[in-house]
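Open the model in a viewer and keep a selection panel at hand. The stops below go from ring pairs to a helix packing.

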Number of protein chains: 2
Amino acid sequence: MSKTQNIYLYLFFFLIKWAVLAGLVGLLAGSASAFFLVSLKWAAETRETYSWFLFLLPFGGMLVSFLYWKYGLNSAKGNNLLIEQAHGAKESIPFRMAPLVLFGTIVTHLFGGSAGREGTAVQMGGAFSELIGKLFKLDEVDRKIIIICGISSGFGSVFGTPLAGTVFGLEVLALGLIRHEAIFPAFIAAFVGDIVTTTVWGVGHHHYEIGTIPSLSALLLLKILFAAILFGLTSTLFSELTHWLKKQYTKLFPNPMLKSFVGGLVIIGLVYIVGTRKYLGLGIPLIDDAFEGEVSPLTFITKLLFTSLTLGAGYQGGEVTPLFAIGSTLGSSLGDILQVSIPFLAALGFIGVFCGATNTPIACFIMGIELFGSEASLYLFLVCIISYLFSGHTGIYTSQQIGVSKS
Amino acid sequence: MSKTQNIYLYLFFFLIKWAVLAGLVGLLAGSASAFFLVSLKWAAETRETYSWFLFLLPFGGMLVSFLYWKYGLNSAKGNNLLIEQAHGAKESIPFRMAPLVLFGTIVTHLFGGSAGREGTAVQMGGAFSELIGKLFKLDEVDRKIIIICGISSGFGSVFGTPLAGTVFGLEVLALGLIRHEAIFPAFIAAFVGDIVTTTVWGVGHHHYEIGTIPSLSALLLLKILFAAILFGLTSTLFSELTHWLKKQYTKLFPNPMLKSFVGGLVIIGLVYIVGTRKYLGLGIPLIDDAFEGEVSPLTFITKLLFTSLTLGAGYQGGEVTPLFAIGSTLGSSLGDILQVSIPFLAALGFIGVFCGATNTPIACFIMGIELFGSEASLYLFLVCIISYLFSGHTGIYTSQQIGVSKS
């Protein structure tokens, strides 16, 4: 009996300890996400007001690259640094990662790069969690857990999807595996982070309507299967192109400042080639268009190109919101071609391309439920696993280990 | 390029192969579940019509134990045999497991034992999948996958929850881990199984209404936390009591026929002690009462006792539906005490006790979504992880490996 009592005592201690530690991570990461979301909105509005800001992109990029080069230490490794540390690597996550990535991402968006925000939120979360870990002198095992908390909290609070954030932190570390050991801390961090962003700071999230869910039929399943394969292949294209561009840019311009400067010029050139600025920034207007069926079949590939070129040239920001835009515009176009409800396929694409690029099928499925409700759950699940399989062993996070081979 | 082409060719082959193999498993397991569900309904109705059937329970138990003893080979290991084989053990799953567990479970329910149905459906699924595996001469790796298909398909079709079935098959094998390698085959098997049960054979499932979801508050979270701890402890009590009773019964009555005979007499005695027959069978009327708030605080513990005594004496049948009954009646009573909406806490208990006993938090969370919709998802998730933590390293499946320690 005493052994059992000890187990429950230990468990209570575990819960209280992690409610405090993960709660702190959530408080900081959620506040950072709120500030970041407000800043992003300001950056996008300012960019739209002063159209000449675009011409500052090469200079902004140069400045951020300079800061990273001069002061960044290993911050430039970004999300991969967090994934490695959550696997138990011994490199320190410098606190400067948080202000650097925040400033860098705002610069990207203010001057018109095409990038996302999850990377930024996750890296801020990671930097805060390392700080708390050092403050409380956590041991090796607990340090891994608190870094997972940072990832979950950043992700959950920036998208308003705490449950997807929780599972994302557990699933993103290794391909093909979910380990439950950090499930409670990750949940607390993501939940508190989301509450802090939305309730404490009053920063809301955009909602999309999936519309009426088509009724099940063999033909519908075949169409969705076809779409899901394309979602998976698109995510591979995005990951591989971005990695390839990163390599080529670095080979051609070993000086990171010059690299970002040239990368900025390329984006400006591309804006004048396509003749529109709608591919700049997060791509939220594109997502709106996708759900309303107002996109051309080339939209998704153009957004993909803009984002790969931005991130390939070393600009800061995440990949996920552009992936949402790429996926939902692709889904929207497919809706037209396959004669399936457009907002429905846009929603499936939104989740599907993201899933293939991050290799986190269960987290993406749960995100689908959190964003679009449970009525489409069967289709969301199908899309997640097919896109996951068809993205192969590629992904946007090169430090993701292969836990279990896909096939 | 050719390597990439080979990967996609391989993937197409993988998908087609498993669509066929897992589809076959789903076809057979889904049909078996349909037949089983209809038989269960008949057994319950017959038992209620002829109340003297209860007195045949000791003889029915004796007959089933005799059949297992004489012809069962290793079938008596039940779900644990499947879990071991899905881990790669080399013991054969005899096809006779399917008819034996089907007949045995119907006998349990016809004469008034208190037991469930998932064990039966999962074991039928496992027996069919081993048969198909032998027919197609699958290698070791594929054999593990097809056994997972059998588990997912049986579970998904008997409860009408294909997504929970899919994840259950992946999550039940080891505590604290989900491995994604069989995710596509498991999904096909569970999805086809569910469609075959419901659409092809027209066998429906009971639905419960979770009612209005209370709005989030710190007090509500504390109440749910308290309830979830009780759900986890209740599941431990159930698992430990059943294991203990199995040992004691076997020690006292080494002859399995005598063991079941005495076990039947004990159930009859208990019926006369409590003075009602409502604890016999699956417990679906209890679940109905729970959602309507018409249960006493002792209901859950009485159902727990009836079920542990039935299964402890070697009767066939699963544990899950009684766990639903135990959980929902406990939740219902707590709703009264904690001043929280009764159907809401009944739903949380329904999922929570089950989760603690099977150690499958993600599968249980998804089952909650499939049964009760996404509105309560946050609370369902919280209950699943807390109950999972508080059930410790115990559970109803003794062959479940410890993949990752809980804390």
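Select B:Phe390: is this residue buried or exposed? B:Phe390 is buried, at a relative accessible area of 1%, where buried means under 20%, exposed over 50% and partly exposed in between, with a 1.4 Å probe and protein chains only.

This is a predicted model, in which local features need pLDDT of at least 70, side-chain atom pairs count only at pLDDT 80 or more, and totals for chains, interfaces and linings use all residues. Residues are numbered from 1 along each chain as its sequence is written, chains are lettered from A and ligands numbered from 1 in the order in which they are written, and side-chain values use heavy atoms, without hydrogens and water.

The ring centres of A:Phe12 and B:Phe390 lie 5.6 Å apart with planes at 70°, so the pair is edge-to-face (rings of Phe, Tyr and Trp, the last by its six-membered ring, pair with centres within 6.5 Å; planes under 30 degrees apart are stacked, over 60 edge-to-face, the rest tilted). This pair crosses between chains, from helix α1 (residues 2-49) of chain A to helix α16 (residues 377-390) of chain B; helices are DSSP runs of H or I, at least four residues, numbered from the N terminus.

Next, select B:Phe350 and B:Phe372. Their centres are 5.6 Å apart and their planes at 85°, so this pair is edge-to-face. B:Phe350 is buried at 2% relative accessibility, and B:Phe372 is buried at 9%.

Finally, show α14(A) and α16(A), which pass in a right-handed crossing (the near helix is turned clockwise from the far one by less than a right angle).

Terms used:
Helices (H or I, at least four residues) and strands (E, at least two) are DSSP runs, numbered from the N terminus.
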